[in-house]
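Here are my notes for you, written as numbered points. Keep the viewer open and click along as you read.

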Amino acid sequence: MDLVVILGIDLGTTCTVTAGIGDDGRPVVLPNSLGETSTPSVVHFESADSVLVGSTARTAAAVDPDNTVALIKRRMGTEFDLFFHGVRHTPESISALILRAVAGDVPGVRAVVTVPAYFGIREREATFQAAALAGIEVLELLSEPVAAALHHRTAFPDAPDTTLVYDLGGGTFDTTVLRGAEVVAVDGDSHLGGADWDARLASHLLESFAAAVPEVDPHEDEVFLSEVVVLAEKVKRELSRVSSRTVALRCGGASAAVEVTRADVEAMGADLVDRTLEITRRVLDSAAARGVPRAGSVVLVGGASRMPGVARALRAELGVEPRLVEPDLAVAYGAAIRAHQLASPERLRRAGGRMAVVADQPTRSVVPRSFGVLVDDSHDPSGEGRLVVHVVHRNDPLPATATTRFATIVNDQDRVRVQICEQAGDVPSSEPAHNRRVLDGELSGLPPLPAGSLVEVTLGVSADGLLSVTAREPRSGRSLTLESYVDGVVDGGAHAELARSLAGLRVAQ
Ligand code: ADP
Ligand code: MG
């Protein structure tokens with residue numbers, strides 16, 4: 001009989017965690033081959049046929065940054081080719097190497113892989129492709145906050161139904177309001193996370209060193225500079241536990257001892273915490289606008305939410321005691337719970353008890369990003385202006401469908417180009433540069449229409465996040481339906497080529 005391995009994988013921007021379900025029915029983290037519970041999402045290409053993933057890759061980054069990739073999750077769903085030792089790689093293939101390293105590089109792996117709630121179609125498709133390249137069968141791509149909430153409700157079955165998930169990771173901040181397993185509102189900042197604290201603490205250490213040892217310029221020593229960033233991250237983590245720490249720095253034959261306190265780190269990041277609070281207020285407002293009452297539970301996830309100042313600020317803001325339970329493992333735990341629900345319902349029923357509570361509940365969600373139509377701006381005197389009119393909006397409940405009518409602006413038009421765009425930035429905007437095109441088609445064969453004729457465009461996003469578009473000219477009754485073809489994602493040929501180059505690589509940690 002073939003061995004089947006059921007996993008939950010939190011494929012993070014900075015760290016990746018794998019979990020399974022233990023014999024007692026509870027989620028357990030599966031340590032990597034170095035015994036670590038989380039694997040840095042860093043890949044180092046040692047040679048044409050050998051790569052390192054994780055801590056060893058992060059160490060190698062300091063000496064050979066050009067052959068090392070970090071933060072690849074930020075590029076998911078974009079065209080971003082990288083070349084190492086003459087071989088082409090993409091965000092999908094880099095992520096596949098991380099997945100291969102954490103999933104044990106064995107056949108027969110079936111997994112729930114988590115993605116941020118704000119991931120659009122392309123990012124999800126790219127994540128799916130990454131898993132396929134790693135030889136992993138994806139049971140479901142689960143939204144990270146849903147995974148965290150699933151774990152939270154398993155651990156605290158009596159928790160209030162409305163949950164705010166506050167996820168401060170290494171490079172991203174995401175916040176979500178859920179009612180049960182249903183996502184009601186999402187918001188976030190894709191460039192705000194623990195790394196911002198690291199950068200500030202690193203400059204503080206450098207300045208302190210320069211002040212103590214004026215005869216050495218630490219900024220000229222590249223290796224020292226990258227070592228200080230690694231050190232800053234470590235010191236920041238320690239200061240979540242202790243209130244002060246003396247850091248020994250050595251550069252250019254000189255050394256200095258710099259004392260850093262938790263209060264220093266909190267002062268350096270006060271405005272960053274404020275930004276997260278502002279976004280949290282925004283997501284709570286979106287949820288309130290949908291009639292969802294104040295969040296009764298506040299769940300902290302993401303390693304950076306371990307900083308004591310974070311819970312303190314949230315407590316002051318919301319008047320609720322935030323829960324910090326395994327913040328860096330909760331998402332993987334939730335994914336493992338979900339994987340077992342999907343893969344073995346009988347086993348779950350046998351396990352009985354708490355997990356059965358959530359077993360058969362579908363997870364409903366919202367539109368992760370606004371979708372709209374690219375049109376000429378009839379108010380622009382130059383005639384060149386264009387804007388995106390969003391038809392379905394972020395946080396509309398799924399499945400979502402909406403119709404908007406547009407008017408043609410020149411006489412005798414017998415065709416209409418239909419270009420559908422997806423919100424690209426963190427906040428919806430009508431500016432074409434803040435959107436990206438995901439579908440493009442033409443409604444043709446129309447009778448010559450006078451300017452001002454109407455065309456109806458219906459956009460639908462299904463429960464599993466797929467986009468469909470119908471454009472219809474009411475007088476002739478002609479219509480165009482666009483397939484949910486999404487460009488920028490690796491096609492079949494490219495997939496085969498990437499799969500071949502990955503097959504020849506040895507992956508170690
Ligand atoms: P992601 O999901 O973005 O990969 P994680 O949730 O794993 O991120 O969080 C990684 C971030 O958490 C890093 O910036 C790391 O420095 C930070 N972190 C981890 N543990 C602590 C801690 N004890 N105190 C402060 N920050 C921490
Ligand atoms: Mg995370």
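1. Start with Arg-250 and its contacts. If you skip the neighbours within four places in sequence, Arg-250 is in contact with Phe-209, Phe-224 and Ser-255. Keep in mind throughout that this is a predicted model. As for where to look, Arg-250 sits in strand S15, which runs over residues 244–251. Phe-209 is 41 residues away from Arg-250 in sequence, yet their C-alpha atoms are 8.7 Å apart in space.

2. Is Arg-250 buried or exposed? Its relative accessible area is 59%. Exposed means over 50%, so Arg-250 counts as exposed.

3. Now go to Thr-276, in helix H8 (residues 270–289). Thr-276 has 0% relative accessibility. The cut-off for buried is under 20%, so Thr-276 falls in the buried class. Which side chain does Thr-276 pair with in a polar contact of 2.7 Å? The partner is Tyr-166. Tyr-166 also turns up among the contacts of Thr-276 that lie beyond four places in sequence, together with Leu-168, Phe-173 and Leu-192.

4. Leu-168 leads us to the nonpolar cores. The largest nonpolar core has 48 residues, and Leu-168 is one of those that touch the most other members; Leu-201, Leu-205, Leu-249, Val-260 and Leu-314 are the others named. As background, nonpolar side chains in soluble globular proteins tend to be buried together.

5. Ala-19 belongs to strand S2 (residues 15–21) and is buried, at 0% relative accessible area. Beyond its neighbours within four places in sequence, Ala-19 has contacts that include Ile-6, Leu-7, Gly-8, Val-28, Val-29 and Leu-30, and also Ala-332, Tyr-333 and Ala-336.

6. Not counting residues up to four places away, Thr-162 touches Val-177 and Leu-178, plus Val-292, Pro-293, Arg-294, Ala-295, Gly-296 and Ser-297.

7. Last stop: ligand 1. There are 17 residues around ligand 1, and the ones that come nearest are Thr-14, Cys-15, Glu-233, Lys-236 and Ser-240. Which helix gives the most to this shell? That is H6 (residues 222–238), with three residues. By type, the shell splits into 10 polar, four charged and three nonpolar residues.

8. Zoom in on the oxygen atoms of ligand 1. One lies 2.8 Å from a backbone N or O atom of Cys-15. For Gly-170, a backbone N or O atom is 2.9 Å from a ligand 1 oxygen, and for Thr-13 the distance from a polar backbone atom to an oxygen of ligand 1 is 3.1 Å. How much of ligand 1 does the protein cover? On its own, ligand 1 has 580 Å² of accessible area, and the protein covers 88% of that.

Technical notes. Residues numbered from 1 in each chain as written. Chains lettered and ligands numbered in written order. Predicted model: local features only at pLDDT ≥ 70, side-chain atom pairs only at ≥ 80, totals over all residues. Heavy atoms only, no water. Near = heavy atom within 4 Å. Polar contact = N/O pair within 3.5 Å; in protein donor to acceptor, adjacent residues only side chain to side chain. Areas by Shrake-Rupley, 256 points an atom, 1.4 Å probe, with all protein chains shown as cover. Helix = DSSP H or I, 4+ residues; strand = E, 2+ residues; numbered from the N terminus. Nonpolar A, V, L, I, M, F, W, Y, C, P; charged D, E, K, R; others polar. Buried < 20%, exposed > 50% of the residue type's maximum accessible area, 1.4 Å probe, protein only. Contact = heavy atoms within 4.5 Å. Core = buried A, V, L, I, M, F, W, Y, C linked by side-chain atoms within 4.5 Å.
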